[in-house]
Amino acid sequence: MNFISVVVFSIVIHGSWSEEQLKFPPSFMFGAASAAYQVEGGWNVSDKGLSMWDKILHDRPELVANRNNGDVACDSYHLWRRDIEMCEELGLNMYRFSISWSRLLPSGFPNHISEDGKNYYNNLIDGLLEKGIQPLVTMNHFDLPMSLQDLGGWANPLIADWFADYAEVVFSLYADRVKYWLTINEAYIQCDGGYHMEAAPFFEDMKLGRYLCNKNVLIAHAKAYRIYDEQYRYKYHGKVSLSTLFFWFKPFTPEDQEVTDLTIEHWEGRYAHAIFSKEGGWPRKLEKLLNDNAKKEGYWHPRLPPFTPEEIELVRGTYDFYALNHYTTRLVRRVNPGEPPGKWFFEGSDELNTVMFKDPSWPSTPVYWFSVYPPGLREQLNWLNATYDVKEIIITENGVPSLDPGLVDTQRLEYYRDYLEQVLLAINDGVNVTGYTAWTLMDNFEWLSGYIAKFGLYAVDFSDPNRTRTPRESARYYSSVIRSRMIHPPQDKTKLNYV
Ligand code: BGC
C-alpha cells in the first residue's frame, strides 16, 4: 500500500471522505454495455447469416432455460433509436456494443458485405456520436458465424486469418468514427466455456479444444491489432484491446496462496500474459504444470500449444489499454486428501487440484454463482497494475443479476455504489482506471439463463411486442453518479444522490 492508499484506507475506515476523494477524475468515462446476440434480435432479417448461437439454439432449444433464444431479444435491431435515447437519459459518456459478424459478413468471409448490416451499425454509431456518446465496439461477443464453426471454429488455427479479414472490414467501415475497440469478448468464456458446455459451440473437450481455442484467440486478436496499428492508427488515433474476464481469487488460508496464484494464471494469465507481460508467451509456471499433466495422462503433445518465437513477438504488446470484465470473487484452496477437485469451472479445477467457493460472509444474490465482495475489484485492479505493464484500464463489464423483473432493485443500486467506491479507491492507489461500463444497459438474453436472470439498468418487458424499456432505481442512481461525477460517502445508505 502506498502513502495515498493508506490515507484513503483510513478515511474509509473512519467514514469521513472529503468531497474531492468521492469524485471521479473529470476525464473518467462512464458507460453501459450490451452485446449483439443478447439484444439485437432480427436473426434472419435481410441477408444476415446464422451465428452459432442462432443455429445451435434452433436445433437444441433445451440448452437454455425456458427454451429461450435471441431471435427477437430486445429487438434492438429495430429499436436502436430508443437504445441511444436511454444512453442519453443516463448521461453516458460511452456505450459498449458488439457487431454481429454474420450480420455484416453473411458468409463469415468478406466476399460479400451486407448493406443492411453495414447501415445498421453506421446508424448506431452516428446516432451515439450525435449525442456526444463514444461508441466502444466489440468485434466478436461469442456469436461466431455458424459457417466458420462448421469449419472448426476457434479450434482451427485458420480462424486467426478469418478474424483478421473480418477486422479489416470492420476497421475500414467504422474506424473513422470509433476510437475504442475490443477484438474479442471474454476469451475465457468463449474457450473454457465453449468447450465445457457453457457456451456455443457447446462441446465438452477440456483437454484439447479449450487450449487450441485459447491460442487461436490470442493470434486472432494480435493479427487484428496489427492491422489497426499499421493501417489506421496514424489516421484515427484510436485504441484497441481485448476484454478479459476474471473473477478475483483469494486464498482460503495463507498456505493456499501458491495455488491461488496458479488459479489467477489459469483464468487470466492464459489470456493476458502473452499480450500484456513483458516476456510474452504462456505464463511459465502454469505452462509447465499443464504440460506435465498432459504427459502424465499419456498425451504426446503439450497441453498448451507452443508459440513459435515469431508468434510470441506477434502477440506481445498488442494492446492500448486493459479491458477488464469483473463480477465476483472466489476463495481457493487445494483439495484435501481423497477429496475430488471442483467439477464445474467456477468450483475448482482438476488441472490444479483445487476447490473454489464463496465466503459465507459475502452477501449472496439469487444467482447461485454470484456473491458480492466489492473489495475484490480494488484488489484485482491493483494486481493487474503490479503484474502487467498497463498504462490504462477500462472496466468493460461490472454488474449484478437479479430474478425480479421489478423496478426497485436495491441490491443492484448498492452493488454499483459499492463497486464504484472500490474503483475510486483503486484510482487513489495509483491505478489509472479511465472508464467503467456497467453491465448492462437493459435486461437481455442472458445466455443459458435465457430471460430469467436480469442485469439491466432498464427493465425490458419481453411480453410486449414493443419490448418497452423502463428505468430501474439503479438507472436513476447511476445517472446521478454520472452527472455529479461522485458517489456518496460509504456506509451512508440513507443519502443516495438521486437526481
Ligand atoms: C458476458 C456477458 C454476460 C455477463 C453476465 C459476461 O460474461 O460478457 O455477455 O451477459 O457476463 O453473465
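**Exercise 1. Sort the residues of the shell around the ligand into nonpolar, polar and charged.**

Solution. The shell holds four nonpolar, three polar and three charged residues. For this sorting, Ala, Val, Leu, Ile, Met, Phe, Trp, Tyr, Cys and Pro count as nonpolar, Asp, Glu, Lys and Arg as charged, and the others, Gly among them, as polar. Among the residues surrounding the ligand are His141, Tyr327, Glu397 and Phe455; a residue is near a molecule if one of its heavy atoms lies within 4 Å of it.

Before going on, a word on the model: it is predicted, so local features need pLDDT of at least 70 and side-chain atom pairs pLDDT 80 or more, while totals for chains, interfaces and linings use all residues. Residues are numbered from 1 along each chain as its sequence is written, and side-chain values use heavy atoms, leaving out hydrogens and water.

**Exercise 2. Find how far an oxygen atom of the ligand is from an N or O atom in the side chain of Glu186.**

Solution. Start with Glu186: the distance is 2.4 Å. Next, take Asn185, where a side-chain N or O atom is 2.9 Å from a ligand oxygen. Then look at Trp439, whose polar side-chain atom lies 3.2 Å from an oxygen of the ligand. A polar contact here is a pair of N or O atoms within 3.5 Å.

**Exercise 3. Decide whether Ser51 is buried or exposed.**

Solution. First locate Ser51: it is in the loop between α2 (36-39) and α3 (52-59). Ser51 counts as buried because its relative accessibility is 2%; buried means under 20% relative accessible area, with a 1.4 Å probe and protein chains only. Finally, the C-alpha atoms of Ser51 and Met146 are 4.8 Å apart, although 95 residues separate them along the chain.

Methods. A polar contact is a pair of N or O atoms within 3.5 Å; within protein, one must be able to donate a hydrogen and the other to accept it, and residues adjacent in sequence count only if both atoms are side-chain atoms. Helices (H or I, at least four residues) and strands (E, at least two) are DSSP runs, numbered from the N terminus. Buried means under 20% relative accessible area, exposed over 50%, partly exposed in between (1.4 Å probe, protein chains only).
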